[in-house]
Amino acid sequence: MKNILTQFSRIFVGLLFIISGLIKLNDPVGFSFKLEEYFSEGVLNLPFLIPYALAIAVFIVIFEAVLGVMLLVGFKTKFTVWSLLLMIIFFTFLTFYSAYFNKVTDCGCFGDALKLTPWESFTKDVVLLFFIIILFLNQKLIRPLFSKKITNAIVIISTVLCCFMGYWVLNHLPLKDFRAYKVGTNIQKGMEIPEGAEPSVVEMVFIYKVNGVDQEFGADDLGKLPEGAVFVDRIDKVISQGYIPPIHDFTMELNSSDYKDELLVEAKLLMFVSYDLASSNKEAMQQLEKLHKDAVAKGYKVIGMTASSEEEIAEVKKENNLTFDFYFCDGTTLKTIERANPSIVVLHNGTIVQKLHYNDASDIKL
């Protein structure tokens, strides 16, 4: 019975680690954005790690996938099981912290392929912890499936393939796009709320500093604020979650006006998406004006999309001789549209027909 339970745990944990690792390895940039949330001052308060989030993300997802392979083939059992145990203890703490304090609403455990609530993520990690403890207590029952040479070869090949996959998706696009803005998506339809759908109930909460301490007040309390109260912030507290369309917070703002209704009906629209102009690839930005002119010659409306300030936009346009306008959109939304900075998105009547990493700009079909 003990051996059966151990072997089941071995297969279950190994496959889950491989699947979870490969899904995140398909989009390591997206996982790095999630790590940046965890490293932020409002969560773990480790801002010095934010510049290294992508490198950490790539290492974690490759190590996670390879650990699953190592467990299945029985490679260096002690090292493998200890690594699994330490990793799951860390992530169990992380998901509990996120769930209890409601800090990060999605752990990114399975990328965009499967969204889990914080408590679902914590429950998943507790289940994994249970089976990994079984493996830890019964390490002697985990024997190699093949000879030492074959086992070593499988682990080495798995590591090389994972590294190549990571290199490929970082320099091109995810092999599989699980996001709301994948090719074939009509943005207008993605923003629609079905008739009869339950709306969210949201309460406006105002934060004022009173005697040096931040306090929350409802809208009805604003007429009874203590003397000397200083406004700090306003947040929307979700009382009950209703239907949220796959695409939300999408805007195309220019000079404080939203032009998405006009632009999304353009028969030919080319967007250069750069969520942060300051960190965009310099060489790629220098190629955008040529693409702009080629697209205009073929009847396209060409715009930029960014979350950067007007000062940064003006500086980048001058530096790269760009003659098209940049429209504002939320940075998180732009990161969801495409990970490359900049990236190229082609739309016909609001439907995404092509998305390109800047390294693949020559493959654009106009």
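**Pockets, cavities and helix packing**

The residues lining the second largest cavity split into three nonpolar, two polar and two charged (Ala, Val, Leu, Ile, Met, Phe, Trp, Tyr, Cys and Pro count as nonpolar, Asp, Glu, Lys and Arg as charged, and the others, Gly among them, as polar). The model is a predicted one, where local features need pLDDT of at least 70 and side-chain atom pairs count only at pLDDT 80 or more, while totals for chains, interfaces and linings use all residues. Residues are numbered from 1 along each chain as its sequence is written, and side-chain values use heavy atoms, with hydrogens and water left out.

Back to that cavity: the lining consists of Leu 277, Ser 280, Lys 282, Met 285, Val 316, Glu 319 and Asn 320. The elements giving two or more residues to this lining are α9 (282-297) and α10 (310-320), and α10 gives the most, with three residues. Helices here are DSSP runs of H or I with at least four residues, numbered from the N terminus. The volume of the second largest cavity is about 40 Å³, and the count of cavities of 30 Å³ or more comes to two. On a 1 Å grid over the protein atoms alone, a cavity is a set of points where a 1.4 Å probe fits but cannot get out, whereas a pocket is an open set with protein on both sides within 12 Å along at least five of seven lines; lining residues have an atom within 4 Å of a point. Grid points are joined across faces, edges and corners, and a volume is the space filled by probe spheres set on the points.

Two or more lining residues come from each of α2 (28-39), α3 (53-73) and α6 (148-171), and α2 gives the most, with five. By class, the lining of the second largest pocket has 14 nonpolar, eight polar and five charged residues.

Now for the helices. Helix α4 (residues 77-101) has 25 residues and, at 1.5 Å a residue, should span 36 Å, which agrees with the 36 Å between its end C-alpha atoms (the expected span being 1.5 Å times one less than the number of residues). Just after α4, Asn 102 takes a positive phi of about 55 degrees. Elsewhere, helix α1 (residues 2-25) and helix α5 (residues 118-137) pack at an angle of about 130 degrees, with their axes 9 Å apart; axes are lines fitted to C-alpha atoms, for helices over the stretch in contact, and angles run from 0 to 180 degrees between N-to-C directions. α1 and α5 are therefore oblique to each other (under 35 degrees is roughly parallel, over 145 roughly antiparallel, 65 to 115 roughly perpendicular and the rest oblique).
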